Amino acid sequence: MHSGASYRLIVRRGPQPNQQYELTRDTITIGRDITNDIVINDPEISRHHARLVYTPSGYAIEDLRSTNGTFVNRQRLSGPFQLTSGDLIGLGETVTLAYEAFAASDVASTAVGGGRQPMAQARPPMAYAPAPPPAYAPEEEDYPPDRSRWIVIGCGVLTLLFCCLLVAAVIVIDQTNSYCSLPMANQFFYCP
């Protein structure tokens, strides 16, 4: 365990909302595969999606070339990123984790007291270090859209358009009685 502070991830959105993961190792892997330290069973998550590495300032996160990407406060990661308490980690489009750092004495007082404190007396977790302002301006838009969904939608629209044109052509040919002038129509239709 790391001295001075404790760290955890809390699932804010995903398959198990409010699930908490205590971060106690120097290196922690996140992914869909059962060999990871934190297993999140969601189709948007890669088998080996991201890695948390302990540093003197807390944990840094890096994407492991995942298919749907890793985001911190809606910014896609392109390299390691030092986390601060309160950061939101997005894994793909469907999973959001909150990163929290709090004083180790908060955990110890709860454990020594013989269990959990009642909600009315519980203290909120103390931030280990104040979060510095981001060095970038967060974008207002949501996570980038999934390209494969747009490809499937586009193929569906093109197929529907082709079917409508085919039905319209058959109707026009039938209304104008021009099916006898089509090549090989004599084999299928009676043409005087």
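A residue is called buried when its relative accessible area is under 20%, exposed when it is over 50%, and partly exposed in between, using a 1.4 Å probe and protein chains only. Welcome to a quick tour of a predicted model, in which local features need pLDDT of at least 70, side-chain atom pairs count only at pLDDT 80 or more, and totals for chains, interfaces and linings use all residues. Residues are numbered from 1 along each chain as its sequence is written, and side-chain values use heavy atoms, with hydrogens and water left out.

**Overall layout**

- The protein has two helices and 11 strands, where helices (H or I, at least four residues) and strands (E, at least two) are DSSP runs numbered from the N terminus.
- Reading along the sequence gives the pattern β-β-β-β-β-β-β-β-β-β-β-α-α.
- Contact here means heavy atoms within 4.5 Å; among contacts between residues at least 6 apart in sequence, 44% join residues at least 24 apart.
- The accessible surface of the protein comes to about 12900 Å², and 60% of it belongs to carbon and sulfur atoms. Such areas come from the Shrake-Rupley method with a 1.4 Å probe, and for residues only the protein chains shown count as cover.

**Nonpolar core**

- A nonpolar core is a set of buried Ala, Val, Leu, Ile, Met, Phe, Trp, Tyr and Cys residues joined through side-chain atoms within 4.5 Å.
- The largest such core has 24 residues, and L9, L23, I40, L52 and L91 have the most contacts inside it. Two or more residues of this core come from each of β1, β2, β3, β5 (50-55), β6 (58-63), β10 (88-91) and β11.

**Salt bridges**

- A salt bridge is a side-chain nitrogen of Lys or Arg within 4 Å of a carboxyl oxygen of Asp or Glu, and a search of the whole structure finds four of them.
- R8 pairs with E100, with the closest N and O atoms 3.0 Å apart. Because R8 lies in strand β1 (residues 5-13) and E100 in strand β11 (residues 95-103), this pair ties together parts that are 92 residues apart in sequence. R8 counts as buried, at 14% relative accessibility.
- R12 also meets E100 in a salt bridge, at 3.6 Å from N to O. This second pair links strand β1, which holds R12, with strand β11, which holds E100, across 88 residues. R12 is partly exposed, at 42% relative accessibility.
- Taken together, R8, R12 and E100 are linked in a network of salt bridges.
- D37 and R25 form another salt bridge, at 2.4 Å from N to O. D37 sits in the loop between β3 (27-31) and β4 (38-39), and R25 in the loop between β2 (20-23) and β3, 12 residues apart. D37 is partly exposed, at 35% relative accessibility.

**Backbone points to check**

- Most residues other than glycine have a negative phi.
- N18, although not a glycine, has a positive phi of about 70 degrees. N18 lies in the loop between β1 and β2 and is exposed, at 55% relative accessibility.
- R65 is another non-glycine residue with a positive phi, of about 55 degrees. R65 is placed in the loop between β6 and β7 (70-72) and counts as exposed, at 80% relative accessibility.

- W150, I153 and V157 form a nonpolar surface patch with about 340 Å² of accessible area together. Patches are made of residues with over 30% relative accessible area and no salt bridge, with like charges joined within 9 Å and nonpolar side chains (Val, Leu, Ile, Met, Phe, Trp, Tyr) within 5 Å.
- W150 belongs to helix α2 (residues 147-175) and is exposed, with a relative accessible area of 56%.

**Cysteines**

- A disulfide is a pair of cysteine sulfur atoms within 2.5 Å, and by this rule the count comes to zero.
- C164 is in no disulfide, and the nearest cysteine sulfur, that of C163, is 7.0 Å away. C164 is partly exposed, with a relative accessible area of 47%.
- C155 is partly exposed too, at 44% relative accessibility.
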